[in-house]
Amino acid sequence: MGEVVPRAAWTTSGPIASLARPMGRIERITVHHDGMDEFDSFSRQDSARRVEAIRRAHVNLGWADIGYHYIIDPAGRIYEGRPMNLQGAHVRDANEQNLGVMVLGNYMRRPPTDASVASLESFLRTAMRQHRVSVQRVMTHREYVPTACPGDRLQTMMNQLRTSRTGLA
Ligand SMILES: [Zn+2]
């Protein structure tokens with residue numbers, strides 16, 4: 001798994017816990033992209049800035065915090081987002097007991113980097129084991145609601161990861 005970047009390394013702001021519900025037991029995991037402009041920087045600063053911009057945008061919507069629990073950058077680093085004891089905000093009407101992980105960038109046309117895919121796969125493997133989530137409950141955003149997220153190319157990767165014998169299944 002990629003290097004885990006603590007929250008304090010990318011923001012000085014904490015979650016507004018009074019605006020969030022408790023998470024409870026994790027029953028499912030959902031994969032996203034950020035869907036903004038394409039992004040392939042391996043710079044720690046660039047990624048930290050982008051995660052913080054997303055947090056601010058989400059807080060400006062009146063949310064407790066960045067919507068996702070973990071964020072993966074093109075270098076495969078894994079950023080701690082919304083604390084796991086708080087319910088996320090990443091799939092409308094399906095946030096309950098749903099761990100949200102997002103890959104920075106837009107994967108409609110461009111495939112995610114090898115480093116981010118490797119990191120996502122090991123993150124999912126670890127989280128599935130830790131929370132006893134089966135591969136059937138590892139979903140992408142568009143499998144719940146009509147959305148481009150996580151992008152056609154990351155969707156293809158997820159389809160492969162969930163079916164191949166060497167993947168998550
Ligand atoms: Zn999404």
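Student: Which residue in β5 is the bridge partner of Val31?

Tutor: The bridge partner of Val31 in β5 is Val101. This is a predicted model, in which local features need pLDDT of at least 70, side-chain atom pairs count only at pLDDT 80 or more, and totals for chains, interfaces and linings use all residues. Residues are numbered from 1 along each chain as its sequence is written.

Student: What makes β2 and β5 a pair?

Tutor: Two strands pair if DSSP finds at least two bridges between them. β2 and β5 are joined by 6 bridges and run parallel, so they count as paired under that definition. Thr30 stands opposite Gly100 in β5. Strands themselves are DSSP runs of E with at least two residues, helices are runs of H or I with at least four, and both are numbered from the N terminus.

Student: How many bridges join β3 to β5?

Tutor: There are 3, and these strands run parallel. Tyr70 stands opposite Val101 in β5.

Student: Why are β1 and β6 called edge strands?

Tutor: The open sheet has 6 strands in the order β1-β4-β3-β5-β2-β6, with mixed pairing. β1 (4–5) and β6 each pair on one side only.

Student: What makes β5 mostly covered?

Tutor: A residue is buried if 20 or more other C-beta atoms lie within 10 Å of its own, exposed if 12 or fewer, and partly exposed in between, with C-beta atoms placed from the backbone. In β5, 6 of its 6 residues are buried. Asn98, Gly100 and Met102 point one way from β5, while Leu99, Val101 and Val103 point the other way.

Student: How do you know that the span of α2 is close to the expected one?

Tutor: The expected span of a helix is 1.5 Å times one less than its number of residues. Helix α2 (residues 114–131) has 18 residues, for which 26 Å is expected, and reaches 26 Å from its first C-alpha to its last.

Student: Which residues of α2 are buried, and why are they said to be on the same side?

Tutor: The buried residues of α2 are Ser116, Ser119, Leu120, Phe123 and Leu124. They cover an arc of only 135 degrees around the axis, which puts them on the same side of α2; the arc is taken over the directions from the helix axis to the C-beta atoms. Asp114, Thr126 and Arg129 are exposed on the face of α2 turned away from the buried side.

Student: What covers the buried residues of α2?

Tutor: The cover includes β2 (28–33), β3 (70–72), β4 (78–80), β5 (98–103) and β6 (138–140). Contact here requires C-beta atoms, placed from the backbone, within 7 Å.

Terms used:
Contact = placed C-beta atoms within 7 Å.
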